[in-house]
Amino acid sequence: VSVSAILVSHSGAAWLPAVLSSLQQQTVTPLGVVAVDTGSKDESPDLLRAALGESGVVLADRSTTFGHAIDLALPLTPDSDWIWILHDDCAPAPDALAQLLTAAEQTGAVIVGPKIREWPSLRRLIEVGVTISPTGMRETGLEPGEYDQGQHDEVREVLAVNTAGMLVRREVFVALGGFDRNLPIFGNDLDFGWRAANAQHTTVVAPQALVFHAEAAHRGVRSTPLTGRHRFYQERKAALYTLLVNRPGWLVPFTLLRLIGGSLTRILGLFLVRQPGQALDELAALLTTVFKPMPWIAARHARRKLPRGDARHVRTLLAPWWVPYRHGLDWLTDLGSALVLQLRESLGRAPTAQAEADSAVTEWSANAEPEAEDISDEQGLLVRWVTNPLAMVSTLFLLGCLVATLPVWRAITTDYLPQTPTDAAVWWQLVRNQEHALGAGSVAPTPAYVPVLAFLSEVLFQQPQLIVSLLFFALVPIGFWGMWRLVKTMSRAVNLDPPKWVLVGGSGLHITLPALSGVWSDGRLDLVVLFTFLPWLAKTTAGVFQGERGQRWRAVWRTGILLSLCCAFVPTLWLVWLAATAVGLLGTALWARKEVLAQEVWLPPAVMLVCPAILLLNWWLPFAWRGDWLQIWGPFGATNRSQLTAAEILRGQLGDTAAEPWWIAVLFFFGLLPLVSKRTRWPSQVAWLVIGVAAVVSLVFSRVAIEVGSGALQPAISGPIVVVMLSLTLLTTLGFGVVVDHLTKRKSSLSRISRSVVMVGWLLLPVVGLGWWLGPARSFASVSSPPEVPAYMMQSSAEDATQGVLLLSGGPESGVSYSILRNGGVRLGEAEIVAFAPENRALTDLLSGILRDPQRAAVDGLADLGIDYIVLSAPPNRDVAATLDSAPGLQQASAEDRSSRAWDVLKPVNQDAVVNQAEPWWRFMLGFQILALLVLAVMAAPGRREEP
Amino acid sequence: MRARLSTRPVLPWWALTAPLPVAVLMALGSVGAPLDQNAKSAITDQLIRQSLGCPAAADKDSRVVFGSLNEGTSAEAEYQLETGQTAISVKRPALSNEVLDEAGVLVARDDLAPGLFAARVSGPVVVPCSEPTTELWWVGLGASPQHASTIHLNNPDRGPAILDISLYDLTGAVEASSVRGVRVPASGSTVLDLAELAPSKTALSARLVAVRGRVSATVVDEFDSLDGKTPVWALNPPVAPTRTPQVLGTVQRELTSWTLTMANPSARTATIRFTVSSASSTFEPSAPKPMRLAPGAVSELQLDKELAQIIKSGGLSLNVVASDPVLAGLSGRSESAAAVLAGQPGEVGPQLAVLGTGKKLLSLSGASGTVDVVMRDQSGKVVFEQSVAVSKRELGQWNLPKTSGVLEVRSDTLVRAVVTGEENTWQRLQPLRFETQFPAVRPGPPS
């Protein structure tokens with residue numbers, strides 16, 4: 001049995017000495033060896049010439065494909081029965097050729113391949129035969145990184161074997177036409193093996209023959225002109241080509257369809273794991289294959305001349321149909337695992353972070369008295385809970401908080417929170433429409449939080465009320481957890497490891513602040529959401545300025561998403577973040593001017609601030625387009641009831657049922673402590689700077705009046721005040737941590753007593769806050785009475801948006817204000833649209849005219865504007881009532897009670913007076929935002945780890 | 001030691017950190033006050049429609065006199081009867097005299113609306129036509145055989161007016177269910193006899209509130225000595241609660257029996273003191289004494305001797321000065337005449353009265369300043385014109401020509417103007433409306 005070896009080389013000097021050496025060490029010596037060098041830029045040709053002599057080396061140009069290289073070498077090889085093909089990065093074991101020949105002899109196969117192990121690890125399996133899946137993926141049947149323990153050492157028939165170490169009978173190779181010229185470098189083995197199988201030839205893998213393969217081209221260790229930088233594109237193109245060329249003709253249309261579907265799915269998946277380059281390669285390969293079909297159509301035509309074997313036998317060599325789906329499932333599982341791992345990392349619970357924390361705890365425990373967490377893990381959960389006072393207190397506290405949140409599970413309507421729509425479609429309609437049939441008709445943009453609520457209600461069974469309840473309820477678990485993590489992160493930043501009871505106290509105090517400040521019982525959904533997510537936002541923002549580059553950028557995207565979420569409810573928060581970032585960068589510039597100009601310093605925070613501008617485009621762009629910049633910062637619900645005075649702010653009273661200001665005094669006083677301690681001085685100065693920025697933003701906005709149709713609104717300064725409260729709570733917690741640390745290091749009994757007193761005092765704060773929450777602040781307060789609209793009018797307006805009810809209040813001295821009730825009353829998300837609508841001058845003039853000189857034409861004009869009834873709020877101004885009484889075209893209508901007055905507009909209303917109208921432009925913008933959110937989510941999510 | 005000093009920072013740490021919390025507190029403490037949401041005001045514009053309700057004729061000689069002080073040219077006025085018919089339709093008369101028996105509503109539009117005035121005149125007796133309104137007060141009403149009051153109501157609008165009338169006497173609120181929900185038909189009139197609503201009650205104060213629509217009203221008081229002599233009657237003009245010093249007319253020497261009725265509609269006890277104005281000064285009389293009036297209370301004082309003493313000492317008018325808004329009316333009568341002098345707080349700007357025939361005396365008081373007085377006769381000819389000085393502490397009086405006509409008083413300061421005439425007629429000058437005050441209209445918060 002004679003064998004000729006062909007070695008193809010391209011810039012493989014790193015491996016060639018070993019390859020040539022292993023070739024010389026073969027127990028069965030080939031008759032001759034011919035090497036083809038395809039334009040190496042290193043010393044490969046010299047190495048080859050030194051080993052094989054001048055006649056044994058063929059020099060080809062750089063564009064020579066693998067198949068062409070073999071064709072160039074084949075005539076120069078001695079006339080032999082077999083050809084043994086080798087790469088310049090594969091080193092055969094000394095008995096490899098002998099084992100291949102033995103297997104060929106035993107099985108009668110015409111193509112024999114070795115077992116391929118990874119080079120340089122030498123232990124991991126790369127291939128033991130290979131086949132192709134219906135989606136064109138290379139299937140080896142091996143686990144990634146699987147070690148060779150002899151588990152696959154069985155000679156068996158396969159579809160194809162790798163060209164690295166492939167032994168093929170010369171006459172078969174020639175008869176089949178060699179390797180396909182359309183496959184420059186990848187996929188030759190699969191195509192050739194499939195072609196051979198179709199021609200009833202047998203290919204076997206001989207695991208006893210061992211070849212070590214560096215896979216330099218596949219792994220991108222070297223680049224060739226044939227692959228360029230788009231290696232993945234070449235691989236996918238080759239795979240698609242192979243499938244379309246070798247499958248039976250009647251299956252080609254189905255194959256094509258499946259390839260398109262599979263490729264699009266893969267593209268989406270690759271985007272999701274932040275591999276846009278590969279996604280684009282996949283797309284390019286698909287488009288090239290679909291829109292340039294001539295190469296594979298011509299190849300199919302050429303192969304008709306080849307003999308055809310048993311197609312059913314070939315099918316047994318292909319990968320089963322379900323293999324791609326299994327891979328998809330595996331991929332999803334891997335992604336889920338990665339997300340969980342990433343989440344753990346971000347929470348500081350990754351092994352590395354935990355190890356650091358554990359070491360700190362260990363160090364600290366050596367000098368401290370035993371803490372509750374020292375209780376053995378071997379004990380049961382209940383035992384540990386019962387024997388741990390802190391755990392008991394924490395659990396009881398959180399249970400108390402949950403009891404305090406029980407009222408959220410009913411429909412809440414307060415001065416600040418209009419009624420929630422019963423159907424999420426109402427919110428989607430607001431999102432979709434540019435023109436709204438609300439009030440006197442409005443083209444004001446939909447509030448930024450409406451898409452959030454609409455999306456969440458879609459996720460949660462189309463239950464808008466449930467979403468509102470959950471947002472209130474989330475304060476307890478998510479707010480508590482977030483504050484815990486924030487304090488933990490900040491403590492670690494200053495090398496402080498406060499005991500858990502300090503963390504419990506700080507986190508507990510944070511979630512009772514909405515109750516203490518009166519925000520909770522006023523039903524301030526916007527501020528409750530802020531209290532819930534602000535700790536998380538602060539924590540991710542801190543991550544933007546520290547850590548490795550990858551972590552920082554992930555923190556940027558996460559901060560962008562969280563900042564957008566919070567700004568959707570409290571837009572002024574963006575200005576606080578902007579100002580704080582600007583101050584931070586300016587401060588840094590004072591110390592290191594050049595460093596600030598470095599892109600990696602200013603770009604991440606800049607991107608962080610741009611994210612809300614993109615995600616909340618629907619909200620701010622229409623205002624900006626009209627030049628109404630101030631309206632962007634309007635308060636939640638467009639109500640002026642949230643106006644704050646300096647005294648109220650300093651007393652921490654953001655709502656009507658705020659507690660006495662003892663707690664804000666505690667926060668201010670103990671918030672100064674970290675400034676005193678040398679260890680925490682620098683970070684606490686930064687925190688105080690943030691507080692200062694928030695205070696200045698509040699100050700500036702308190703002097704600003706947003707002109708809207710109904711008068712002047714004050715921007716939502718409550719949001720920056722919540723930032724102040726959070727920062728003070730954080731500082732106070734750190735301050736207590738410093739005090740405890742100080743006392744712990746002193747061993748005197750007085751210190752122990754002091755420490756106990758501090759602990760009791762600190763834990764008392766949230767407990768008292770909880771007491772307030774369970775007491776006066778528990779129920780949702782509604783101080784304003786509902787509009788005095790009779791039930792029949794409410795029903796009429798609810799059934800038909802054009803049947804508006806004009807509500808009048810005031811009189812000649814104070815002026816008459818009007819509003820139009822439609823849809824049975826304003827609902828959550830609609831108040832801003834009505835309030836920010838430009839004044840309907842036609843309606844105002846009409847009403848002025850009626851109150852001045854009631855004429856039939858003016859009254860009929862009301863009907864033309866979609867007004868069916870008029871209600872004069874109690875107590876009705878007699879002059880206004882008398883004027884309306886005297887107006888022709890109005891008829892007395894029964895009012896809700898004797899204290900109010902109502903009239904019926906006799907002329908039928910104009911059905912086209914107010915309309916809901918969607919514009920394609922707005923849909924496009926919404927689509928853009930959704931896409932941006934997806935991209936941000938992908939960027940914030942953990943990426944696929946590079947294979948080792 | 002030197003080395004340690006040299007490594008010490010230039011500023012201590014607290015000097016760098018202390019300003020931060022202080023700055024925060026200062027910034028938060030400087031947060032502005034809430035925006036003023038009540039910065040809304042009424043809008044004033046020229047009157048384009050005005051209506052005045054005129055009572056029915058008391059005798060066959062009465063006529064309705066009306067006109068306008070506006071300088072416009074093209075305008076029309078209609079006198080609409082309660083039957084819905086139009087009695088007259090005239091264009092821009094200088095001063096129109098029409099014999100009209102029925103009660104009706106004079107409606108003027110466009111140029112005739114500003115400065116519109118009207119009155120029913122019968123010899124020296126003049127009953128002004130009044131502007132429809134939604135709230136009116138009277139004091140000194142009666143529902144007894146000796147003193148009976150009737151309220152004449154006119155509804156100028158095309159829908160019915162519904163009225164609630166609250167009555168108070170010396171004991172407080174009077175229970176009279178029939179005075180709630182009084183209906184005045186559209187463009188119609190109704191007469192309410194208090195003797196039927198609250199029989200035998202005296203010293204009544206009444207508050208009329210239109211819960212639907214509006215009305216103009218005239219109250220006639222009839223005094224009967226029940227000794228077979230002819231009863232005498234007088235108009236009881238409406239009053240308004242005010243803290244401004246009120247001049248209770250100018251007392252007429254022919255009347256001998258005087259009754260002062262006061263009511264306190266406010267929620268606080270009012271302290272009331274009295275002053276007397278003479279031609280040379282204003283002084284506090286020895287009687288009546290200052291008094292206190294409880295919230296919701298009505299007080300009646302018999303002042304026969306006190307006013308006689310005041311007249312004897314040269315006093316011309318009795319004034320009421322109260323700490324809180326009160327209502328005050330002084331009724332005087334003799335065997336052959338009666339007059340009800342309502343509290344007169346005074347007006348700024350043009351005031352007007354239609355005058356009957358006979359002797360007439362104009363009394364002016366108020367803030368110090370100059371007042372232009374012009375009287376025209378029926379043809380529009382000026383028969384009296386004078387710029388007079390009014391003093392804060394004196395009450396000036398001028399005799400007017402005997403002819404009937406229109407008296408106009410213009411001043412930039414507060415002026416209380418009263419005309420007394422023959423047969424103890426008494427009337428205060430009415431402010432004229434040239435402009436309308438309607439509410440500023442603007443969108444309110446969403447509902």
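Guide: Let's settle the counting first: helices are DSSP runs of H or I with at least four residues, strands are E runs with at least two, and both are numbered from the N terminus. By that count, chain A has 38 helices and 21 strands. Keep in mind that this is a predicted model.

Now to your salt bridges. Searching the whole structure over all chains turns up 38 of them. The general idea is simple: side chains of opposite charge can pair when their charged atoms come close. The cut-off used here is a side-chain nitrogen of Lys or Arg within 4 Å of a carboxyl oxygen of Asp or Glu.

Let's begin in chain B with Arg268(B) and Asp324(B), whose side chains meet at 2.8 Å, N to O. Arg268(B) has a relative accessible area of 53% and is exposed, because over 50% is what exposed means here. Asp324(B), at 6%, is buried, because buried means under 20%.

With 9% relative accessible area, Ser331(B) counts as buried. Apart from residues up to four places away in sequence, Ser331(B) touches Phe223(B), Ser257(B), Trp258(B), Thr259(B), Ala339(B) and Val340(B).

Chain B has another pair worth a look: Glu408(B) and Arg410(B) form a salt bridge at 2.3 Å, N to O. Arg410(B) is partly exposed at 37%.

Over in chain A, Glu171(A) pairs with Arg169(A), and their closest N and O atoms are 3.0 Å apart. Both ends fall in the middle class: Glu171(A) is partly exposed at 45% relative accessibility, and Arg169(A) is partly exposed at 24%. Chain A also has a linked set, with Lys115(A), Arg117(A), Asp148(A) and Asp153(A) joined in a network of salt bridges.

What about between the chains? The rule finds one salt bridge across the interface of chain A and chain B. Look for Arg878(A) and Glu135(B), which form a salt bridge with their closest N and O atoms 2.6 Å apart. Around the chain contact, chain A brings 67 residues and chain B brings 48. Together the two chains bury about 4,900 Å², with 63% of that on carbon and sulfur atoms. Arg878(A) shows up again here: with Ser710(A) and Arg852(A), it supplies 14% of the area that chain A buries against chain B, more than any other three residues.

Of its 948 residues, 55% are buried. The largest nonpolar core has 139 residues, and Phe472(A), Phe569(A), Leu573(A) and Trp577(A) touch the most other members. Helix α31 (residues 718-745) of chain A gives this core its largest share, 14 residues. Zoom in on Phe569(A): beyond its neighbours within four places in sequence, its contacts are Tyr449(A), Leu453(A), Leu471(A), Leu525(A), Asp526(A), Val529(A) and Phe636(A). There's also a second, separate core of 36 residues, and Ala5(A), Ala109(A), Ala206(A) and Phe212(A) are among its members.

Nonpolar side chains turn up on the outside as well. Leu264(A), Phe271(A), Leu280(A), Leu283(A), Leu287(A) and Phe291(A) make a surface patch with about 580 Å² of accessible area together. Helices α8 (252-272) and α9 (276-291) of chain A each put in at least two residues, and α9(A) gives the most, with four. Phe271(A) belongs to helix α8 of chain A and is partly exposed at 38% relative accessibility. Taken as a whole, chain A exposes about 40,200 Å², and carbon and sulfur atoms supply 62% of that.

Definitions and conventions
Residues are numbered from 1 along each chain as its sequence is written. Chains are lettered from A and ligands numbered from 1 in the order in which they are written. This is a predicted model: local features need pLDDT of at least 70, side-chain atom pairs count only at pLDDT 80 or more; totals for chains, interfaces and linings use all residues. Side-chain values use heavy atoms; hydrogens and water are left out. Buried means under 20% relative accessible area, exposed over 50%, partly exposed in between (1.4 Å probe, protein chains only). Contact means heavy atoms within 4.5 Å. Patches are made of residues with over 30% relative accessible area and no salt bridge: like charges are joined within 9 Å, nonpolar side chains (Val, Leu, Ile, Met, Phe, Trp, Tyr) within 5 Å. Accessible areas come from the Shrake-Rupley method with a 1.4 Å probe; for residues, only the protein chains shown count as cover. A nonpolar core is a set of buried Ala, Val, Leu, Ile, Met, Phe, Trp, Tyr and Cys residues joined through side-chain atoms within 4.5 Å. Buried area is the accessible area (1.4 Å probe) that two parts lose on being put together, summed over both.
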